[in-house]
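Morning, everyone. I have one structure to walk through today. Please bring it up on your screens.

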Amino acid sequence: MKNIGVLTSGGDSPGMNSAIRAVARTCAHYDIKCTGIVRGFQGLIENNTKVLYTRSVRGIINRGGTFLYSARSDEFKTKEGRKEAFKTIEENEIDGLVVIGGDGSFTGGLIFMEEYNIPVVGIPGTIDNDLYGTSHTLGYDTALNTATEAIDKIRDTASSHERTFIVEVMGRKSPSIAVHVGVCCGAENIIFPYKKVDYDRIAQDIKHGIKKGKTSSIIIVGEGEKPGMSYNVQRELRENHQLVAHVCILGHIQRGGAPTHQDRFIASKMGNMAVSHLMTSSKAAAICYENGGIKVKSLKKKILKMKLQNIKLV
Ligand code: ATP
């Protein structure tokens, strides 16, 4: 292994920078060239690269986002796109690739590896925590803390005005963020878009709470595929249960900010292990966090397709 490429792909997440830094510095330690690919798979197609030296990654361990930029590339989903991407691999003499991203990025990396035989290692980087085989993905812990802090603030105003708030959190198909912040903020209800919502029960809970002297209610809504589901909940409560609730969609605030200690620490170890794996094996791998330790697991299509029910929630 003389030259390792690293890219970030899909939605950005806090901790991606810490992982890039660890990859670059581990490469430097072993005298391996590290090639940063700018804008994910699209950058690979466009040969948008820069060499990462030890100093190139200074001061980024504590920064949210990704200094290599991230992108979603439809072109990479085509055979022609991946052919172009492989030309970049050849031109830059890259021997192995570290892909930091979510399940889509892992799938893309795996398909690329199967077609061109370039070793690929995935580092799970997404706030959604929706990858099978790892209990944490980079950015998840930071997103949880950001959302928790925001909802605590909403609770203050909800209590002061004796109001019900519907707070929508990110997570697309994964309910992890909704469940965790719901528990940590003492939410009265948690709603997932893909589950049938029992509005009668929710309304009863709220009315019962008010009778008992509760000064506020918080309903957490997982956003699902499209943000805005909270407005349906608000309408339903107003029109069919005569309850007024205010909507607050937390949105992209959850994707930004300085990574927490946990995200930095896991990212640093994962970046280090990704390089170590590429130095000793050419098998497709995912770096996972399990039972408090970092593990290398085989990356297989089957694993990527595991049903969401298998994701441990709490
Ligand atoms: P997040 O969880 O933050 O959304 P993600 O990695 O799942 O991250 P996606 O948009 O699903 O984000 O995927 C990122 C990129 O990975 C896509 O834009 C595409 O370039 C590549 N990719 C995804 N699926 C495939 C596929 N089936 N074949 C080839 N490339 C793919």
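Start at Gly102. Is Gly102 buried or exposed? In this predicted model, its relative accessible area is 11%. The cut-off for buried is under 20%, so Gly102 counts as buried. Look at where Gly102 sits: in the loop that links strand 4, residues 96-101, to helix 4, residues 103-116. What does Gly102 touch, leaving aside residues up to four places away in sequence? Ser9, Gly125, Thr126 and Leu131. Now find Thr137. Thr137 and Gly102 are 35 residues apart in sequence, yet their C-alphas are 8.4 Å apart in space.

Next, strand 1, residues 3-8. Strand 1 is mostly covered, with 6 of its 6 residues buried. Take the faces in turn. One side carries Asn3, Gly5 and Leu7; the other carries Ile4, Val6 and Thr8. Strand 1 runs parallel to strand 4, joined by 5 bridges. Gly5 stands opposite Leu97 there. Strand 2, residues 33-37, is also parallel to strand 1, with 4 bridges. In that pair, Asn3 faces Lys33. The chain gets from strand 1 to strand 2 by way of helix 1, a right-handed β-α-β crossover.

Last stop, helix packing. Helix 1, residues 16-29, packs on helix 9, residues 261-280, at about 40°, and the axes are 7 Å apart. The crossing is right-handed. Helix 1 contributes Ser18, Ala19, Ala22, Val23, Thr26 and Cys27. From helix 9 come Arg264, Ala267, Ser268, Gly271, Asn272 and Val275. How do the residues of this contact divide? Into 6 nonpolar, 5 polar and 1 charged.

Note on methods:
Residues numbered from 1 in each chain as written. Predicted model: local features only at pLDDT ≥ 70, side-chain atom pairs only at ≥ 80, totals over all residues. Heavy atoms only, no water. Helix = DSSP H or I, 4+ residues; strand = E, 2+ residues; numbered from the N terminus. Buried < 20%, exposed > 50% of the residue type's maximum accessible area, 1.4 Å probe, protein only. Contact = heavy atoms within 4.5 Å. Axes fitted to C-alpha atoms, helices over the stretch in contact; angles between N-to-C directions. Left-handed = near helix turned anticlockwise from the far one by under 90°. Nonpolar A, V, L, I, M, F, W, Y, C, P; charged D, E, K, R; others polar. Pairing = 2+ DSSP bridges. Right-handed = clockwise from strand over helix to strand, strands pointing away.
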